[in-house]
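Subject: Structure for you to look at

Hello,

Here is the structure I promised. Please open it next to this email. My notes follow below.

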Amino acid sequence: MTEAKPQAAAAPSRAGMKKELPDHFKAYRHVWVFVEVERGQVHPVSFELMGEGRKLADRLGVELAGVVLGPPGEATQAAVAECFAYGADLAYLIEDPLLADYRNEPFSKALTDLVNTYKPEILLLGATTLGRDLAGSVATTLLTGLTADCTELAVDQDGSLAATRPTFGGSLLCTIYTLNFRPQMATVRPRVMAMPERRERPIGRVVRHPLGLIEDDIVTKILSFLPDRDAGTSNLAYADVVVAGGMGLGAAENFQLVRGLARTIGAEFGCSRPVVQKGWMPSDRQIGQTGKTIRPKLYIAAGISGAIQHRVGVEGADLIVAINTDRNAPIFDFAHVGIVADAIRLLPALTDAFARRLS
Ligand code: FAD
């Protein structure tokens, strides 16, 4: 039996728009994923994009490449090996000490040089702080189109990238094409796409390229690195279990109930946007379209209505348990388990029950 290959989603029709692609676009082939390595670690969004890139490349019948930019050393080599483990056919590599820490100038030069030399038709980056900064400057330098924060990527009948993203405050989805420029660039936020399976594979083809810069060419200097004191306290995006509270909890002090349940069951905690706006939780705990996208095995939402902007950030969860006093709350339309109850009374009862069970 042969295994069916996952297919890129079918693109919406763009009837009436330009059909013939200019001849010089034929020089642009293959799908590239920028592999984000910061302080020796590959950001998992790069692997999520490899999975999407693989589907697009298979649909177009072209190769998938990872782009690794970093200082000479083990971490950069390990990132190259990971490209192949997550499905790349080849890797473009620029190894240079000037790429040790992220700075816009050398990274933009490195990526634009690679694009101008090897001409990919599609270039994907993670919508992380680094990825957003780099994608914007590379697209501007190359004078091409960039669709940010995509939720779906597909290839249409002409082989153009159909990049879908929320618009009008998340109430509508729009599909954006870059028909007149190459490469077609898109960013995708962490956890929006599923993590593909990792497979041990032999190292594939590696194309090395020089950076062609000296330190004096770079205006930005890194004097020291001060880690964010709050970094690492929130691992919401990649947590297996998440407990979140919304405006239904009524007051800042009631978020102790969310934190208490999360602590008891070893979960991360989060909240809806108005909770952050009220100052009841820090902004890195916000879940949804303008916060974090999560894909936990279990998501417990207490006192959250389930507005579309919240829903898009949680619908990748395997099991959604919603607690709400209003049986008509929109969250019950997509929750797997719905509990019509007062969360302020139910959360402590759940915490006690779990604490007894787990002790
Ligand atoms: P509410 O809508 O006020 O709902 C509270 C819910 O709690 C109600 O369903 C109520 O029945 C229930 N309730 C009340 N008392 C209790 C009780 N004692 N026990 C149990 N349930 C109770 N929102 C996000 O969450 N994340 C985002 O990233 C985000 N981005 C946005 C981006 C834009 C551009 C816009 C326009 C909006 C965005 N929003 C976002 C806001 C979103 O539209 C909603 O306003 C928000 O999600 C509602 O938050 P909530 O469910 O906590 O509050």
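**The ligand and its shell**

The ligand is surrounded by 26 residues, and Ser272, Thr290, Ser305, Gln309 and Asn324 are the closest. Please keep in mind that this is a predicted model.

By class, the shell holds 15 polar, 8 nonpolar and 3 charged residues. Three elements each give at least two residues to the shell: helix H6 (273–277), helix H7 (308–314) and strand E17 (319–324).

- Met247: a backbone N or O atom lies 2.8 Å from an oxygen atom of the ligand.
- Ile287: a polar backbone atom is 2.8 Å from a nitrogen atom of the ligand.
- Ser305: a polar backbone atom is 2.7 Å from an oxygen atom of the ligand.

How much of the ligand does the protein cover? On its own, the ligand has 980 Å² of accessible area, and the protein covers 74% of that.

**The nonpolar cores**

In soluble globular proteins, nonpolar side chains tend to be buried together. Here, the largest nonpolar core has 33 residues. Val35, Met50, Leu56, Leu124 and Leu153 have the most contacts inside this core.

Take Leu124 as a way in. Set aside its neighbours within four places in sequence. Leu124 is then in contact with Trp32, Val33, Phe34, Leu49, Gly53, Leu56, Leu153 and Ala186. Two of these partners, Leu56 and Leu153, are also on the list of residues with the most contacts in the core.

Another core lies apart from the largest one. This other core has 28 residues, including Tyr92, Leu98, Leu111 and Met185.

**Backbone points to check**

Which peptide bond is cis? The bond from Arg182 to Pro183 is, with omega near -5 degrees. Pro183 sits in the loop between strand E11 (172–176) and strand E12 (184–188).

Two residues other than glycine have positive phi values. For Asp149, phi is near 60 degrees. Asp149 belongs to the loop between strand E8 (146–147) and strand E9 (152–155). For Arg191, phi is near 75 degrees. Arg191 is in the loop between E12 and strand E13 (205–208).

Is Arg191 buried or exposed? Arg191 counts as buried, because its relative accessibility is 11% and the cut-off for buried is under 20%.

Best wishes

Notes. Residues are numbered from 1 along each chain as its sequence is written. This is a predicted model: local features need pLDDT of at least 70, side-chain atom pairs count only at pLDDT 80 or more; totals for chains, interfaces and linings use all residues. Side-chain values use heavy atoms; hydrogens and water are left out. A residue is near a molecule or strand if one of its heavy atoms lies within 4 Å of it. A polar contact is a pair of N or O atoms within 3.5 Å; within protein, one must be able to donate a hydrogen and the other to accept it, and residues adjacent in sequence count only if both atoms are side-chain atoms. Accessible areas come from the Shrake-Rupley method with a 1.4 Å probe; for residues, only the protein chains shown count as cover. Helices (H or I, at least four residues) and strands (E, at least two) are DSSP runs, numbered from the N terminus. Ala, Val, Leu, Ile, Met, Phe, Trp, Tyr, Cys and Pro count as nonpolar, Asp, Glu, Lys and Arg as charged, and the others, Gly among them, as polar. A nonpolar core is a set of buried Ala, Val, Leu, Ile, Met, Phe, Trp, Tyr and Cys residues joined through side-chain atoms within 4.5 Å. Buried means under 20% relative accessible area, exposed over 50%, partly exposed in between (1.4 Å probe, protein chains only). Contact means heavy atoms within 4.5 Å.
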